[in-house]
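Student: Could you take me through some local features of this model, giving the general idea before each case?

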Amino acid sequence: MIRLMKIVTLLALVVLATMAIPAATPAQIAVGVSIRIGPPALPVYAQPICPAPGYIWTPGYWAYGPEGYYWVPGTWVLAPQPGYLWTPGYWGWGGGVYAWHGGYWGPHVGFYGGINYGFGYGGVGFVGGEWRSGVFHYNTAVTNVNTTVIHNTYVNRTVINNNVTVSRVSYNGGTGGVNAHATEAERAAEHEHHFAATSVQTQHEHAASTNRAFLASENHGRPAIAASQRPGEFHGAGVSPARSASANANRPPSGNNMSNRSMERNDRPTNGANNSHANVNRPSNENTEHPNSSRPPQSHTNESHPPQNTNHPAEGHPNNSRPPQHESKPEHPGGEQHPSHGR
């Protein structure tokens, strides 16, 4: 009888403890999810024009939610502080599963899996622009900027290698994945002071997660909206659809307004060099060729100068195809944290 009373008491305590735990939100449920099928190939799309000075391009990516992979459109966002650049997140194979490594803001670009996201993110570093005295300058050789509106620009075409076959693989390691490893400089960048994705970026991802049109199972790897000019804006003239991988969207600039370019032309830097931060303190010669705006290739290094920035850009800040593979059912092992709705 005493033993029975102990068992009943123990069961009652278990029930009470369970009731004390708050109900898990969908985001919490997604933490620790185990994904054994890699994301689809990266869509091909044109980059929307930069909306205003100070915005930095953040490439699109496949996130993961309760109904599988879904596309988060690339978009222009403001850095959390001058001198900081975006290191994109990436999917990586390890321990028998695909894990999401979230992106972050930092003074140098770190490792992002060797994934060629295009538009300056060729797999190593970032060559789409650089900070100079607290002002972000755009390399119009690889970014879509209207130079009649935004004057803090330069041209460095040496970072484009047209002889390289661009891979659209969206994950690192595993079967068919990109075979790339972090350099010493990229590992050092991971330990610098970081900012996580801003609230605007988080809201942008959440908005994509609530739209079924972004599901890979619905769009078969070619979302109707692959990129947007501003975060969370998925309608109007500022959006770009995915297009056929064979489509030629690589027309050269026309006049002062650079025409849209697909990620097919935005290759990684010659010899894999990371020229994202070279010459951050040199004066800008607007709209002229800058043969020395990037350091010579240094064999996959991410070496750069620390920012010497104190203020945001003075110019106007606004108000703030490969079909998807069959996905296995999520499991919940311990270990590396996976995305909540993709993050």
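Tutor: A polar contact is a pair of N or O atoms within 3.5 Å, where within protein one must be able to donate a hydrogen and the other to accept it, and residues adjacent in sequence count only if both atoms are side-chain atoms. Here the side chain of Thr75 reaches the backbone oxygen of Arg230 at 3.5 Å. This is a predicted model, in which local features need pLDDT of at least 70 and side-chain atom pairs count only at pLDDT 80 or more, while totals for chains, interfaces and linings use all residues. Residues are numbered from 1 along each chain as its sequence is written, and side-chain values use heavy atoms, with hydrogens and water left out.

Student: Where is Thr75 found, and is Thr75 buried or exposed?

Tutor: Strands (E, at least two residues) and helices (H or I, at least four) are DSSP runs numbered from the N terminus, and Thr75 is found in strand 5, residues 74–78. Buried means under 20% relative accessible area, exposed over 50% and partly exposed in between, with a 1.4 Å probe and protein chains only; Thr75, at 2%, is buried. Contact means heavy atoms within 4.5 Å, and, leaving aside neighbours within four places in sequence, the contacts of Thr75 include Ile56, Trp57, His204 and Pro231 as well as Arg230.

Student: Which residues have the most contacts inside the largest nonpolar core?

Tutor: A nonpolar core is a set of buried Ala, Val, Leu, Ile, Met, Phe, Trp, Tyr and Cys residues joined through side-chain atoms within 4.5 Å. The largest one has 55 residues, and those with the most contacts inside it are Ile56, Trp91, Tyr117, Tyr121 and Tyr138. Among the elements that give two or more residues to this core are strand 2 (55–58), strand 5 and strand 11 (135–139). A second, separate core of six residues includes Val127, Ala141, Val142 and Val155. Returning to Ile56, and again leaving aside neighbours within four places in sequence, its contacts include Thr75, Trp105, Tyr121 and Phe136.

Student: Which residue other than glycine has a positive phi near 55°, and where does that residue lie?

Tutor: One of them is Phe119, with phi near 55°, which lies in the loop between strand 9 (104–106) and strand 10 (129–132) and is buried, with a relative accessible area of 0%. His220 also has a positive phi of about 55° although it is not a glycine; His220 lies in the loop between helix 5 (216–219) and strand 14 (227–228) and is partly exposed, at 47%.
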